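Visitor: I have the sequence and the model open side by side, and I would like to go through them with you slowly. Could you take my questions one at a time?

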Amino acid sequence: MPNTGSFQLPQEFLIIGAAVQTGLFEELKNNPCTMEELAVRTKIDRRAMWTVIEALIALKYLEYDGEKIKLTEEADNIFFNSEYEQYTGFAFMHTYNIMKAWTQLPEVMHSGKPVAKKDLPGHTKHFIKAMSHHARKSASPIIDYCLKELPTNPRVLDVGGGPLTYAIAFAVKGARVTVLDLPEVIDMMQPELDSGLPIKMVKGDFTKGLPPGPYDLIFLGNVCHIYGEQENRKLFQDAAGELGQGGQIVINDMIRGTGVMPALFAVNMLINTASGGTWTFEQYKTWLAAAGCSTATWEEVGGRQLIKATKVH
């Protein structure tokens, strides 16, 4: 049944997001400040600074150390210590950045058109960090699933793999990996790539074509929900065309009809894309068959839903 408790506005989340966006937490990292010092360095209004700081202290993200304000130990670990069990970094800022778009859902429902995009400073960086953070725990079992039945040192194309989480996991387990992503993502992530790994990064748009193969595996991690039937059919046709005989496509995405989250996520795609959504297993199976691929029953691996298809002709 509906839960009226979830109707409440998530004030804590909005306050934390605003603190990140205005640079409060970054300024306080290893650098306790007085209220006055913090206001000057962040260019935040004094009244607003006091009000928000007091809220962050009540929420136990900040604390006083004499006259100075500092991060609590737990907040410091959550935001800046990647070895901490509850570490999130600022990955949650992707959700914060798209929240304004969600408030325009009534207009989207009437018009059928997505909300106009406004690239906020740091939005792409936060998106990449979010994708990397969410993928990290599930990467190893997913890569093991993908590499089953493939030859030694397989050739892998990771479409939309700019965050590098899966690409690195593939490479560590012996694959030769090509990563395709948008130019701004490649430019952002290239400096973070270990040059000793067998990973090549290619700038491009998968809706226009894929880097030439042949590949043993094409990995589609969280890309199919961005577009609708027409684009996904073309993507699968293009992928099949770059696979060697018996090569495989693995789709890592939410499957509509398997629970609440795929249905809710489809609303996010309605708000933010022109044709995106979440798709049923039968839709995926039909589109893949049209591309000359046979599809195995979907499986849950590492908490993610995976569909594996094999090129048969």
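Visitor: Into which domains is the protein chain divided?

Guide: This is a predicted model, and the bounds of its domains come from an automatic or database domain assignment. The C-alpha centres of the two domains lie 36 Å apart. The division of the protein chain is into domain 1 (4–97) and domain 2 (136–311).

Visitor: How many helices and strands does the secondary structure of the protein chain come to?

Guide: The C-alpha trace spans about 70 × 50 × 35 Å along its principal axes. Among contacts between residues at least 6 apart in sequence, 62% join residues at least 24 apart. The secondary structure within this trace comes to 14 helices and ten strands.

Visitor: What percentage of the residues of the protein chain count as buried?

Guide: A residue counts as buried when its relative accessible area is under 20%. The protein chain exposes about 16600 Å², and carbon and sulfur atoms supply 55% of that area. Of the 313 residues, the share that counts as buried is 44%.

Visitor: Which element gives the largest share of the largest nonpolar core?

Guide: The largest nonpolar core has 29 residues, and those that touch the most other members are Ile142, Cys146, Phe170, Val177, Ile199 and Met201. Two or more residues each come from α9 (139–147), α10 (165–172), β4 (176–181), α11 (183–189), β5 (199–203) and β6 (215–221). The largest share, six residues, comes from α9.

Visitor: Which residues does Met201 touch, leaving aside those up to four places away in sequence?

Guide: In soluble globular proteins, nonpolar side chains tend to be buried together. Met201 is one of the residues that touch the most other members of the largest nonpolar core. With residues up to four places away in sequence not counted, Met201 touches Gly162, Leu164, Val179, Ile186, Met189, Gln190 and Leu193.

Visitor: How many residues make up the other core that lies apart from this one?

Guide: The members of that other core include Val159, Cys224, Trp279 and Ala309. The core lies apart from the largest one, and its count is 27 residues.

Visitor: Which two residues are joined by a cis peptide bond?

Guide: The bond has an omega of about 10°. Its proline, Pro214, is found in the loop between β5 and β6. The residues joined by this cis peptide bond are Gly213 and Pro214.

Visitor: Is Lys43, with its positive phi, buried or exposed?

Guide: Lys43 has a phi of about 60° although it is not a glycine, and its place is in the loop between α3 (35–42) and α4 (46–58). Its relative accessible area is 75%, and because the cut-off for exposed is over 50%, Lys43 counts as exposed.

Visitor: What is the relative accessible area of Glu149?

Guide: Glu149 also has a positive phi, near 75°, in a residue other than glycine. Its place is in the loop between α9 and β3 (155–159). Glu149 is exposed, and its relative accessible area is 72%.

Visitor: Which parts of the chain does the salt bridge between Asp144 and Lys173 tie together?

Guide: The closest N and O atoms of Asp144 and Lys173 are 2.5 Å apart. Asp144 is partly exposed at 40% relative accessibility, and Lys173 is partly exposed at 37%. The two positions are 29 residues apart in sequence, so the pair ties together helix α9 and the loop between α10 and β4.

Visitor: By about how much of the helix are Glu229 and Arg233 separated?

Guide: The side chains of Glu229 and Arg233 meet in a salt bridge, at 2.8 Å from N to O. Because the two residues are four apart in helix α12 (residues 229–242), their separation is about one helical turn.

Visitor: Which residues do salt bridges that share partners join into one network?

Guide: By the cut-off of 4 Å between nitrogen and oxygen, the count comes to nine salt bridges. One of them is formed by the side chains of Lys70 and Glu63, at 3.8 Å from N to O. The network joined through shared partners consists of Glu63, Asp65 and Lys70.

Visitor: Which residues make the nonpolar surface patch of about 300 Å²?

Guide: One of its residues, Met261, has its place in helix α13 (residues 260–272). The patch is made by Val260, Met261 and Leu264.

Terms used
Residues numbered from 1 in each chain as written. Predicted model: local features only at pLDDT ≥ 70, side-chain atom pairs only at ≥ 80, totals over all residues. Heavy atoms only, no water. Core = buried A, V, L, I, M, F, W, Y, C linked by side-chain atoms within 4.5 Å. Buried < 20%, exposed > 50% of the residue type's maximum accessible area, 1.4 Å probe, protein only. Contact = heavy atoms within 4.5 Å. Patch = residues over 30% accessible without salt bridge, like charges linked within 9 Å, V, L, I, M, F, W, Y side chains within 5 Å. Areas by Shrake-Rupley, 256 points an atom, 1.4 Å probe, with all protein chains shown as cover.
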